[in-house]
Amino acid sequence: MSTSVRRKQAYHHGDLRASILRAGWHLLEKQGIAALSLREAARRAGVSHNAPYRHFPDRDSLLAALSAEGFAALGQALREAAASGGLRAMGETYVRFALERPQRFRLMFGGAVPIAQHPALRENATRVFEGLAQALAPQIPGAAGRDASIAAWALVHGLAQLLLDERIAASALSGRRREEMVSAVLGSIRFAAAKPQTPP
């Protein structure tokens, strides 16, 4: 199929935005954030270099849309994990998401896009952040539950980041697959809330 025919179909079916986002994801995961541009996304989508501007006025808006999609996907995966396997499953899902989509994860959490300036991104990210920050609320009431949830999130995120950056030595695997090591590490973590002490 020629480029001109693909371009006409993209416009006709109203699928231009989705096509640009798909091309953006491909570029992001294969070449990293630095290689992502509206022009290159347009080329890979088979449309003119001006076509993306119908939906994305600049590169930042494309990055924000990609990041928003990433948070939506992560949030859905975490909700499914919580429903089927509880907190440990959520942690394993979080780390697996990062390892399977490293560039997407870096875009979402790396600060390349100011979340506050993009409503859709802010909404999706906030929903994920709040879900993680309240993960232990059913087990631990009050502020202690939120504090423990944030501590758990920080540990899981740190583990994901250490693995992405290859900061954990191969010897730590002890002959295990990486997924087995992640499960064992998360299984070793225990959170408890001490009863608030009243001042003397």
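**Exercise 1. Find which residues of helix α3 (residues 38-45) are buried, and work out how they are arranged around the helix.**

Solution. Start with the list: in this predicted model, the buried residues of α3 are L38, A41, A42 and A45. Next, look down the axis of α3: these buried residues fall within an arc of 100°, so they line one face of the helix. Now turn to the face away from the buried side, where you will find the exposed residues R39 and R43. Then ask what the buried residues pack against: their partners are α2 (16-31) and α4 (59-100). Finally, step past the end of α3 to G46, which has a positive phi near 80°.

**Exercise 2. Decide whether L159 is buried or exposed, and list what it contacts beyond its neighbours within four places in sequence.**

Solution. First place the residue: L159 sits in helix α7 (residues 142-164). Its relative accessibility is 8%, and the cut-off for buried is under 20%, so L159 counts as buried. Setting aside neighbours within four places, L159 is in contact with V95, I168, V182, V185 and L186. Take L186 from that list: it lies 27 residues from L159 along the chain, and their C-alpha atoms are 9.2 Å apart.

**Exercise 3. Find which side chain makes a polar contact with the side chain of H157.**

Solution. Stay in helix α7, where H157 is also found. Apart from residues up to four places away in sequence, H157 touches Y94, F105 and F109. Of these, Y94 is the one to pick: its side chain makes a polar contact with that of H157, at 2.7 Å.

How values were computed
Residues are numbered from 1 along each chain as its sequence is written. This is a predicted model: local features need pLDDT of at least 70, side-chain atom pairs count only at pLDDT 80 or more; totals for chains, interfaces and linings use all residues. Side-chain values use heavy atoms; hydrogens and water are left out. Helices (H or I, at least four residues) and strands (E, at least two) are DSSP runs, numbered from the N terminus. Buried means under 20% relative accessible area, exposed over 50%, partly exposed in between (1.4 Å probe, protein chains only). Contact means heavy atoms within 4.5 Å. A polar contact is a pair of N or O atoms within 3.5 Å; within protein, one must be able to donate a hydrogen and the other to accept it, and residues adjacent in sequence count only if both atoms are side-chain atoms. The arc is that of the directions from the helix axis to the C-beta atoms.
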